[in-house]
Amino acid sequence: MSADNTFRKPYVPKVEASWWLKNPFFTRYIIREGTSLVSLFVCLELLLGVFCFALSDAHGDVYLAYVNGFLGNIVIILLNLVALASCLFHAVTWFALMPKAVRLFMNKNSTELLPGYVPHIGLYLALVGATLVILVAAFVTM
Amino acid sequence: MEKIQTDVAIVGAGGTGLRAAIAVAQTNPSLRIALISKVYPMRSHTVAAEGGAAGVIRDDDSLQKHFEDTVAGGDWLCEQDVVEYFVRHTTEELFQLEHWGCPWSRKPDGTVNVRRFGGMKVPRTWFAADKSGFHMLHTLYQTSVQFPSIRRFDEHFVLDLLVTDGECRGVVCYDLQNGVFRQINAKAVVLATGGAGRAYAFNTDGGIVTGDGIALAYRHGVRIRDMEFVQYHPTGLLGCGILMTEGCRGEGGVLYNKDHYRYLQDYGLGPETPVGHPKNKYMELGPRDRVSQAFWNESKKGRTIKYPLGEAVHLDLTHLGEKYLHERLPLICELAQTYSGVDPVKQPVPVRPVVHYTMGGIETDGRTETKMPGLLAGGECASVGIHGANRLGSNSLVETIVFGKTAGVSAAERAMSIKKDYDNAELTRQAEAAEKRALALFDVQGDESMSKIRTDMGESMEKGVGIYREETTMLETIEVLKQCKQRLKKVALTDRGRVFNTEWMNLIELGYTLDVAECMVHSAINRKESRGSHQRLDGPNGAYKERDDKKFLKHTIAVYNQETGLPDISLSDVKITTFKPAKRVYGAEAEAAEAARKAKEAK
Amino acid sequence: MANDKIMKITVTRYRPEQDAEPFQQTFDVPYHNETSVLEALFYIKDHFEPSLSFRWSCRMAVCGSCGMMVNGVPHLACKTFLRDYEGKAMTIAPLENFPIERDLVVDISDLIEKIERIKPYIIPAAKDKNMPLTKEYRQTPQQMEAYRQFAQCINCGCCYAACPQYKINKDYIGPAALTLLYRYDIDNRDAGSAIRDEFLSSENGVWGCTFVGYCSEVCPKHVDPASAIQLGKVKSATNYVIKMFKPE
């Protein structure tokens with residue numbers, strides 16, 4: 001169609017940088033995505049710990065300094081608490097969505113679907129289970 | 001103006017238009033198809049059909065039974081040879097849709113299930129829950145996208161047919177999005193624009209159901225048939241008129257008046273069947289005209305239920321239980337809750353009759369061809385002759401696909417028989433004249449309000465050509481319509497834009513609807529008898545209250561008169577092949593008649 | 001309408017031939033318990049502003065014409081009621097993430113193109129190509145239930161207006177079209193899954209979704225596109241693994 005054969009002039013609104021603040025649903029979503037930054041911090045922290053541990057033998061008490069000096073720092077403690085909170089937030093919001101990815105029938109002939117709360121509860125059980133296993137393993141090896 | 005050459009132009013992209021387009025594409029992939037619609041295909045009003053589509057499939061059913069139900073249901077005003085063709089082709093078309101992905105409801109073994117419907121002797125209504133039209137339309141639309149020869153013109157509003165040498169050779173339309181006009185030349189034009197329910201104030205129809213195609217053909221002198229037969233559906237939601245499908249009653253729903261009495265037994269549909277055990281052609285499964293008329297009589301007797309929004313009766317589904325209702329009638333549950341605040345699982349739904357379907361339309365033969373060469377019509381805008389004086393529920397959805405396909409094949413054959421494209425100065429002149437006429441509406445001065453004219457028309461139609469009719473009120477309606485047409489010429493447009501100018505388009509649509517409304521009331525006043533959905537209360541000693549086969553076993557034909565601007569009314573013969581006219585009976589009376597007939601045959 | 005309550009309704013206007021950009025217009029609209037947003041728009045068109053353009057048809061939430069933003073949330077105008085906004089003001093705007101054609105009418109051609117692109121029709125297996133029109137495919141109620149919900153989409157576009165991924169990347173195939181794709185993929189009559197994988201598994205297919213979930217929240221027909229897309233991811237991953245072990 002030739003350009004002059006139309007009276008159209010569609011208006012395309014600009015996407016504002018603050019679009020995610022206009023709807024609480026989007027704000028929650030961006031916070032959920034934002035928790036990845038905190039996770040990044042925790043990963044680096046752990047990585048640093050591993051390095052320090054590896055260096056410990058040759059260079060004295062690097063690991064001890066890491067534990068006492070770094071992890072003991074009040075700012076780092078606060079950051080770790082934030083990390084824990086954000087990790088839980090991510091888990092809760094993600095678990096709430098997860099039943100959407102599960103679609104199973106009650107039995108071979110039924111048209112009834114497995115209710116959403118089954119995978120939902122299952123995820124929480126898995127979370128609690130995994131946490132317990134890690135904690136027990138940590139205490140046993142101490 | 002841009003000019004497009006095609007082989008087949010189809011106006012309307014609902015069930016019929018889409019099916020026709022696919023049929024053309026399958027008949028000959030090299031044919032160029034223009035599928036023109038004033039909305040996107042899935043917006044077409046086929047989408048709102050709920051109950052289902054009739055097709056013989058059960059062992060205890062037969063084509064003969066479907067034929068007899070249809071012809072008797074239509075009060076013998078059907079073209080019987082066309083009905084024979086129709087019932088022969090329903091089931092294969094329904095299987096075709098199944099193969100294309102339509103989710104027809106199933107039995108546990110995976111075969112297609114059918115439900116009961118009003119006026120049908122045997123359950124033969126295929127259904128996709130209570131969204132049959134929705135699923136049919138989306139299946140057809142989605143199937144159609146695989147055919148590259150179908151070129152769609154979505155949101156294109158047709159302004160006129162192009163006619164030279166007495167043959168239809170194209171259309172001219174307004175492209176809403178771009179605000180420009182297009183001339184589409186074609187070797188065959190199929191009208192599939194739906195009905196004209198919007199002529200009435202209280203209807204089940206979408207805003208787009210304005211009778212465009214009927215008016216386009218009518219203005220070119222094409223014969224319009226049986227327009228007095230307008231179907232009132234007995235169960236529209238009080239207030240808004242949203243349809244509560246006949247499937248509600250097919251599944252076992254019952255109707256009560258204010259005394260909690262199943263009043264249909266008083267109107268030749270009894271005896272009462274037990275609640276939860278519906279019986280075909282009894283009580284709530286009587287035909288639509290009878291059930292609607294019963295409401296009118298209950299109202300006269302003061303036995304309806306008064307609500308702030310008007311009178312109603314109760315459609316009770318509560319005995320069916322939540323699980324069954326949510327499986328079989330999910331949309332009904334949602335609609336009643338949303339638009340009436342009533343949960344059908346727990347409470348009865350207030351309903352009343354509401355205008356639903358235009359039985360008449362553009363006269364066609366069994367191949368969907370009109371008397372104007374090159375012009376075909378199918379679906380609700382056409383009168384192919386299967387509905388007669390009263391359509392049976394679930395015959396029209398299947399009509400869209402049976403005659404959609406027929407129209408497609410007929411149009412394709414015509415297009416293939418014509419070697420050269422039509423294109424000449426006269427076609428262009430006509431297209432430009434139509435453009436000029438449309439643009440001239442911007443220059444009109446006046447102070448009439450379009451919405452007031454629409455309201456006046458709708459209310460007058462309800463009054464004059466409603467469930468029961470009398471000459472005096474019909475004459476009043478004729479007068480009101482005449483004034484409406486005059487007033488329409490004095491509507492000044494405030495919207496000067498060309499892009500999506502809905503005010504401008506609505507004005508042209510209202511002109512179409514007024515023409516169709518005139519056809520309806522002039523056809524009705526001339527039919528001095530009662531038949532099917534056309535019931536009169538007048539005549540010398542009430543003579544018009546009865547069916548009069550001697551004078552009126554005839555179709556009504558309306559033809560536009562250029563001078564008066566009104567329809568000239570005449571009568572034409574009805575094709576009767578094997579099924580001779582008899583008294584139309586339901587309930588116990590029908591069984592007695594059937595037994596008598598069998599006894600006679602046995603002798 | 002003497003006893004009616006009044007609501008202040010602000011509507012976005014844009015007339016392409018006159019206006020450089022959209023502006024707002026406010027009207028006092030009387031309403032009662034059953035008044036829908038669509039009927040409020042009728043009232044405005046009939047009494048104040050005949051040039052206001054909006055799409056509508058069926059009035060019963062099945063044709064999909066009247067999707068628009070009501071107080072910033074995508075809704076069908078015919079299925080949204082003024083009573084639920086009592087005591088508040090109301091703003092009505094065109095669906096987000098689509099170009100505004102005029103007033104409340106948006107250009108949905110991109111949505112339509114995507115719906116049609118993903119091959120939304122039964123692609124039969126070779127053995128079923130010439131199935132006679134005298135029988136149906138066997139499909140048990142459970143086999144139908146598997147896709148039934150995903151076949152309820154009315155193409156209203158609300159999910160695209162709700163999708164942040166579509167907002168920032170217009171090449172993303174998007175919720176409605178991906179749901180339709182998945183609907184045909186899991187229909188037991190269909191054998192076209194391998195053909196559609198090109199769209200399903202593409203960068204702009206299911207993997208373009210970050211599981212915001214708002215599409216399912218706003219869907220007026222409870223189609224749950226987010227679910228279809230997550231299930232589509234499982235399917236896409238399975239396809240990938242199968243391809244790895246079974247090169248063509």
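**Figure 1. The two domains of chain C.** The assignment for chain C gives domain 1 (5-106) and domain 2 (109-245); such bounds come from an automatic or database domain assignment. Their C-alpha centres lie 30 Å apart. Domain 1 of chain C puts 15 residues into the contact, and domain 2 of chain C puts in 13. Contact here requires C-beta atoms, placed from the backbone, within 7 Å. On the domain 1 side, strand 3 (67-70) and strand 4 (73-76) of chain C are the elements giving two or more residues. Strand 4 of chain C has the largest share, 4 residues. Helices (H or I, at least four residues) and strands (E, at least two) are DSSP runs, numbered from the N terminus. By class, the domain 1 side has 9 nonpolar, 4 polar and 2 charged residues. Ala, Val, Leu, Ile, Met, Phe, Trp, Tyr, Cys and Pro count as nonpolar, Asp, Glu, Lys and Arg as charged, and the others, Gly among them, as polar.

This is a predicted model: local features need pLDDT of at least 70, side-chain atom pairs count only at pLDDT 80 or more, and totals for chains, interfaces and linings use all residues. Residues are numbered from 1 along each chain as its sequence is written, while chains are lettered from A and ligands numbered from 1 in the order in which they are written.

**Figure 2. The contact between chains B and C.** Here 43 residues of chain B meet 42 residues of chain C. On the chain B side, helix 3 (80-99), helix 4 (132-144), helix 9 (330-340) and helix 14 each give two or more residues. Helix 3 of chain B provides the largest share, 5 residues. The chain B side divides into 18 nonpolar, 18 polar and 7 charged residues.

**Figure 3. The largest nonpolar core.** This core has 265 residues. A nonpolar core is a set of buried Ala, Val, Leu, Ile, Met, Phe, Trp, Tyr and Cys residues joined through C-beta atoms within 7 Å. Buried means that 20 or more other C-beta atoms lie within 10 Å of a residue's own, with C-beta atoms placed from the backbone. Among the members that touch the most others are Val8(B), Ile36(B) and Val171(B). Helix 14 (residues 502-526) of chain B gives the most to the core, 12 residues. Val171(B) touches residues including Ala9(B), Ile36(B), Asp160(B) and Val189(B), not counting residues up to four places away in sequence.

**Figure 4. Helix 14 of chain B.** Of its 25 residues, 21 are buried. At 1.5 Å a residue, helix 14 of chain B should span 36 Å, and its end C-alpha atoms are 36 Å apart, which agrees. The expected span is 1.5 Å times one less than the number of residues.

Conventions. A residue is buried if 20 or more other C-beta atoms lie within 10 Å of its own, exposed if 12 or fewer, and partly exposed in between; C-beta atoms are placed from the backbone. Two residues are in contact if their C-beta atoms, placed from the backbone, lie within 7 Å.
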